[in-house]
Structures are given as C-alpha cells and as structure tokens.
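Please look at the sequence and the model together while reading.

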Amino acid sequence: MLEEEYQKGHRPVGAQRNLPPLQVPFAYEIRDVAEADLPDIREIYNHYVANSTVTFDESPMTLRQLRAKFAQAQKSHLPFIVAVSPGGHVLGYAYVFPWKAKAAYRFTVENSIYLGPAATGKGLGKALMAELIERSRKAGLKEIVAVIADRGAEASIRLHEQFGFREIGHMGRVGFKFDRWLGTVLMQKSLK
Ligand SMILES: CC(C)(COP(=O)(O)OP(=O)(O)OC[C@H]1O[C@@H](n2cnc3c(N)ncnc32)[C@H](O)[C@@H]1OP(=O)(O)O)[C@@H](O)C(=O)NCCC(=O)NCCS
C-alpha cells in the first residue's frame with residue numbers, strides 16, 4: 001500500500017468528515033441526599049481537607065461523622081441536597097445546619113457547599129446554591145450565614161455574593177493550616 005493510501009484510510013473520524021470536536025454535555029440532577037451518597041460526599045470533602053484551606057479541618061472526615069450530620073439533617077428537616085451525574089455519581093453537595101444550638105438561633109443556619117474538583121467552574125455551584133436557598137426558604141428558615149476562608153476561596157465568595165449574601169464581618173488570623181495564618185469572611189443572607 002502506498003503511504004498516501006495508508007494516510008487516507010487512517011485519518012481520525014472527526015477530521016475525515018470535518019466534524020467539530022466531540023463535546024459531552026455536563027448533565028446532572030439535583031435531589032435529596034440518600035444515605036448511599038455519603039461515601040462519595042466524604043471523598044469530595046476530604047479532597048479539600050487534604051489539599052486546600054477552604055475548610056479548616058485538617059483530618060479526614062469519617063463516615064461516622066458524616067452519618068451524624070446526615071441524621072441531624074433528616075431529624076431537623078433541614079435541606080441536604082446532592083447533584084448527581086446520569087451515571088449516579090455524586091458531583092457535589094450542599095446543606096445547611098444550625099448556626100448555634102441555643103434556641104433563639106432556631107431560624108438561622110450555616111451553609112456548606114462542595115463540588116468534586118472536576119465539576120467546578122461549570123455553573124453547578126450556582127444551580128446547587130439556588131436550590132439550597134429555595135429549600136431553606138420553604139423550610140421556614142430566615143437567615144443563612146456563610147463562614148468562608150479569606151484565602152483560596154475566591155470562587156465561594158463570588159458565588160455567595162451573586163446570591164445576595166453580604167459581608168458582615170472578617171476575622172483575621174483565627175485559623176492556622178499548612179503553616180500559615182488564615183482568617184474567615186462572614187457573609188449573611190436574609191430569606192425574608
Ligand atoms: C465554591 C464552589 C461551590 C463554586 O461552584 P462552581 O460551580 O465552581 O462555581 P460557578 O461555576 O457556579 O461560578 C460561580 C462564580 O464564581 C466565579 N469563580 C469561579 N472560580 C473563581 C475564582 N477562582 N476566583 C474568582 N471567581 C471565581 C465564577 O466566574 C462565577 O462568577 P460569574 O458567574 O460572575 O462568572 C466550587 O468551586 C467548589 O466546590 N469549590 C471548592 C469547595 C469550596 O470552596 N466550597 C465552599 C467552602 S465555603
């Protein structure tokens with residue numbers, strides 16, 4: 001076989017037909033968390049524990065600790081949602097939990113939102129946050145507080161701002177991780 005005949009028969013399919021590169025749509029469904037999702041959630045969270053300062057935890061979260069959060073959310077009817085791929089893999093999650101245990105704080109919650117690294121930067125954070133806020137409103141909650149690291153969490157601060165969270169405080173040098181001091185930005189949103 002001549003070289004040019006060989007080349008003709010072995011061009012990539014897209015190039016042969018002049019097709020655009022294959023683009024896989026980013027598909028997901030947002031639903032209530034199920035107990036079977038907890039191992040995936042733990043893996044997502046522990047990635048940020050080990051590799052970032054967006055959480056001030058330094059030891060991996062255990063399944064037992066996560067089960068306790070899940071049970072508390074179920075018992076208190078607080079929103080805890082996941083975004084899952086068509087194949088059933090958890091891409092990210094968001095939940096709210098009581099801001100403080102004392103009774104008068106009962107309408108105020110703190111939020112938490114984490115996406116797997118491959119699912120960031122594609123708008124999923126906005127979709128999960130919108131759903132979390134809507135469900136929190138329906139649950140009768142009135143205030144959501146976010147406590148965000150003041151370094152390395154720019155996407156989170158931007159996301160919260162987009163949903164009307166306002167900065168209400170900044171605490172400097174309250175955390176120490178990876179050999180450096182960190183502060184927290186406090187943000188708050190009213191659901192009224
Ligand atoms: C924070 C997080 C939930 C945001 O979700 P996301 O899907 O990645 O963000 P989105 O694609 O919806 O983008 C939200 C906004 O943040 C902006 N943004 C994203 N990355 C950014 C960065 N590194 N710096 C500044 N802004 C950034 C986006 O441009 C977008 O704003 P725009 O609409 O004006 O362009 C996600 O990135 C994440 O899970 N990060 C790691 C865990 C974390 O930080 N959790 C929060 C702890 S408080």
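The text below goes from the overall fold to the sheet, the core, the ligand shell and a few single residues.

**Basis and overall fold**

The model is a predicted one, in which local features need pLDDT of at least 70 and side-chain atom pairs count only at pLDDT 80 or more, while totals for chains, interfaces and linings use all residues. Residues are numbered from 1 along each chain as its sequence is written.

The protein has six helices and seven strands, where helices (H or I, at least four residues) and strands (E, at least two) are DSSP runs numbered from the N terminus. Read from the N terminus, these elements follow the order α-α-β-α-α-β-β-β-α-β-α-β-β. Of the 192 residues, 22% are buried; a residue is buried if 20 or more other C-beta atoms, placed from the backbone, lie within 10 Å of its own, exposed if 12 or fewer, and partly exposed in between. Among the contacts with a separation of 6 or more, 63% are between residues 24 or more positions apart, a contact being two residues whose C-beta atoms, placed from the backbone, lie within 7 Å.

**The sheet and the helices across it**

The seven strands form an open sheet with mixed pairing, in the order β1-β2-β3-β4-β5-β7-β6. Its edge strands are β1 (29–32) and β6 (166–177), each of which pairs on one side only, and neighbouring strands are turned by 25° against each other on average, direction ignored. Two strands count as paired if DSSP finds at least two bridges between them.

| Strands | Sense | Bridges | Opposite residues |
|---|---|---|---|
| β1 and β2 (80–84) | antiparallel | four | I30 and A83 |
| β5 and β7 | antiparallel | seven | E143 and S190 |

Helix α3 (residues 38–51) lies across β3 (90–98) and β4, running at about 85° to β3, whereas α6 lies across β5 (143–149) and β7 (180–190) and runs at about 160° to β5. The axes behind these angles are lines fitted to C-alpha atoms, for helices over the stretch in contact, and the angles run from 0 to 180 degrees between N-to-C directions.

**The nonpolar core**

A nonpolar core is a set of buried Ala, Val, Leu, Ile, Met, Phe, Trp, Tyr and Cys residues joined through C-beta atoms within 7 Å. The largest one has 33 residues, and those with the most contacts inside it are I81, V82, L91, Y93, A94 and L132. Two or more residues come from each of α3, β2, β3, β4, α5, β5 and β7, with β3 giving the most, six residues. Leaving out residues up to four places away in sequence, Y93 touches V33, I41, I44, I81, V82 and Y114.

**Around the ligand**

Which residues come nearest to the ligand? Of the 19 residues around the ligand, they are L115, T120, G125, E154 and A155, a residue being near a molecule if its C-beta atom, placed from the backbone, lies within 6 Å of it. At least two residues of the shell come from each of β4 (108–115), α5 (124–138) and α6 (154–162), and α6 supplies the largest share, five residues. By type, the shell divides into 10 nonpolar, five polar and four charged residues; Ala, Val, Leu, Ile, Met, Phe, Trp, Tyr, Cys and Pro count as nonpolar, Asp, Glu, Lys and Arg as charged, and the others, Gly among them, as polar.

**Single residues**

R173, found in strand β6, has a positive phi of about 50° although it is not a glycine, and R173 is exposed, with 11 other C-beta atoms within 10 Å. D179, in the loop between β6 and β7, also takes a positive phi, near 65°, and D179 counts as exposed with 5 C-beta neighbours inside 10 Å. In the hairpin of β6 and β7, which has two residues between the strands, F178 takes a positive phi near 50°.

Y105 has its place in the loop between β3 and β4 and is partly exposed, with 13 other C-beta atoms within 10 Å. Y105 and E143 are 38 residues apart in sequence and 9.5 Å apart in space, C-alpha to C-alpha.
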